[in-house]
Each structure stands twice: as structure tokens, then as C-alpha cells.
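Please take a careful look at the model shown below, and keep it in view while you read.

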Amino acid sequence: MKQVKKTRSFVPPKSAEVLDAGSFSVIYAHKKFPNAVVKVTGITGARDTNYLVHKLFVNNQTNPWFPKVLFTKVVKASHTEESDEFFSQMIDTNTEDLLNQPYLLIAAIEKLKSAPRETVWSKFKEIGIDFDDLQYVLEEGDNKSISKLIKSCTDVNVIQVLLILKKLFKNKNHNPDFHEGNFMLRGDQLVLIDPAFPEGRN
């Protein structure tokens, strides 16, 4: 994943069942990956925020706070009869960003369960972090406050996550998207799924 390679265009599987969709991605089930979901994300290239976040996940698979990635491929985005029919299932969502990008990042990611808001807050409280404070300092880009939160954290894996995000957010083209809705559960383990979005594309 050092660079985006031009490969064949996206051909949606006939058995795909769309589970969720947003401005940047669509998620669907596929019989080839019974224990995973497939996520298709529109990206501009190798410097795209969504591509870099996925690369962070792939490069840090031993960290339980990141999702497990089973498969990754980047293809050229093009309008075909098959792809238009597939994406037409998302007419109730804002998918213009996804459809207007030159590439599609396709990744099979482990199946996770929804995390209630209260669970997210309590899990962070258990490791010495106030979630509200964490949201604020990440959005403000206050490095001193981020460093202070890191010192108060008792979970080495979360410390790694925060150090990685701190480095990512130094580039103002990558905006924090750190809220309860971007966490899910693997058993009792919180998993961060979408920590950032591209500048000017929210």
C-alpha cells in the first residue's frame, strides 16, 4: 500500500447486500467474507485521508483498537451499468463524494457490533481519559493537551493510537472525526473505525 496502483474498474458482486452508506463509503455483505463486511471508499490517491487512515489500520494490525483488515484492493472508479445499478441502492444518502473520486478503495474488514454512547465514554474513563476532553483537544489540535491526555492514559494501545493520530492531524488536510459513532465493539473491545475525514469533503 505504498502507492495507489491503477487496476481494473470496480465490478460489484451480484450477491452484494448493501448494509450502510455515507458520503465517503458504502458497506456491503459478501458471501466470500462471511466474518467480514466489504467497504468501498472513494479516494483521490495515495495522499487521500481515507486511504492514509486505512493504511494506518493495515500497518497496526496488532493494536486491538484498530479494525482487522482481511483484504485490500484499489481500483479505478468508472461508471458502468453494473456499478451504477449497485450504487443506485444508496439514493437516500449523500454519495456524491464517493462517486466523483478517481479511485475506489475496496477492503474486507472484520464484522463489528455497534457501541452504545455510554459504553464508549465508560471504556475511556476506565483508562484515565475523559472522552469529551479527548474530542476537544483532537479537534483543536492542541499538542500540549494531547500530550497531557497521553500521560494520563493507562492503556498502552490507546497511547499508540493517540500518537498515530497526533501525527496524522499535523497535516491540516486531515480533519479529526473522533466521536462515539465512529467506535464499534469486538466483544468488549472498543474499535476505532473512522477517525478522520478529508478537508473540504465533509
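This is a predicted model: local features need pLDDT of at least 70, side-chain atom pairs count only at pLDDT 80 or more; totals for chains, interfaces and linings use all residues.

Sorted by class, the contact of α6 with α7 has five nonpolar residues, two polar ones and one charged one.

A second pair of helices can be described in the same terms, since two packed helices are described by the angle between their axes and the distance between the axes. The axes of helix α4 (residues 117-126) and helix α5 (residues 131-140) come within 9 Å and cross at roughly 90°. Because an angle of 65 to 115 degrees counts as roughly perpendicular, α4 and α5 are described as roughly perpendicular to each other. From α4 the contact takes V120, W121 and F124, while α5 supplies F131, D132, L134 and Q135. In this contact of α4 with α5 there are five nonpolar residues, one polar residue and one charged residue.

These helices belong to a protein chain that has seven helices and ten strands. Of the 202 residues in the protein chain, 45% are buried.

The next topic is empty space. Rolling a probe the size of a water molecule over the atoms shows where empty space is left. How many cavities of 30 Å³ or more does a search of the whole structure find? The search finds one, and the volume of the largest cavity is about 40 Å³. Its lining is made up of W65, F124, L134, V158, V161, L162, F178, F183 and L192. Helix α7, residues 156-168, gives the most to this lining, with three residues. By class, the lining of the largest cavity has nine nonpolar residues, no polar residues and no charged residues.

One of the residues lining this cavity is F124, which is found in helix α4. Is F124 buried or exposed? Residues under 20% relative accessible area count as buried, and F124 is therefore buried, with a relative accessible area of 1%. Leaving aside its neighbours within four places in sequence, F124 is in contact with W65, I129, F131, L134, V158, F178, F183 and L190. F124 and C153 are 29 residues apart in sequence, and their C-alpha atoms are 8.8 Å apart in space.

The largest pocket holds about 800 Å³ of space. It is lined by 32 residues, and those that lie nearest its centre are S25, I27, K39, I193 and D194. Two or more residues of the lining come from each of the elements β1 (17-21), β2 (25-29), β3 (36-43), α1, β5 (103-110) and β10 (196-198). The lining of the largest pocket divides into 16 nonpolar, ten polar and six charged residues.

Strand β5 also contains A108, and A108 counts as buried because its relative accessibility is 0%. Although A108 and H30 are 78 residues apart along the chain, their C-alpha atoms are separated by 9.2 Å. Apart from its neighbours within four places in sequence, A108 is in contact with F33, V37, V38, K68, V69, L70 and F71.

At 54% relative accessibility N59 counts as exposed, but N60 is buried, with a relative accessible area of 13%. The C-alpha atoms of N59 and V69, which are ten residues apart along the chain, are separated by 9.9 Å. For N60, leaving aside its neighbours within four places in sequence, the residues in contact are F66, Q160 and I164.

Note on methods:
Residues are numbered from 1 along each chain as its sequence is written. Side-chain values use heavy atoms; hydrogens and water are left out. Buried means under 20% relative accessible area, exposed over 50%, partly exposed in between (1.4 Å probe, protein chains only). Contact means heavy atoms within 4.5 Å. On a 1 Å grid over the protein atoms alone, a cavity is a set of points where a 1.4 Å probe fits but cannot get out, and a pocket is an open set with protein on both sides within 12 Å along at least five of seven lines; lining residues have an atom within 4 Å of a point. Grid points are joined across faces, edges and corners, and a volume is the space filled by probe spheres set on the points. Helices (H or I, at least four residues) and strands (E, at least two) are DSSP runs, numbered from the N terminus. Ala, Val, Leu, Ile, Met, Phe, Trp, Tyr, Cys and Pro count as nonpolar, Asp, Glu, Lys and Arg as charged, and the others, Gly among them, as polar. Axes are lines fitted to C-alpha atoms, for helices over the stretch in contact, and angles run from 0 to 180 degrees between N-to-C directions. Angles under 35 degrees count as roughly parallel, over 145 as roughly antiparallel, 65 to 115 as roughly perpendicular and the rest as oblique.
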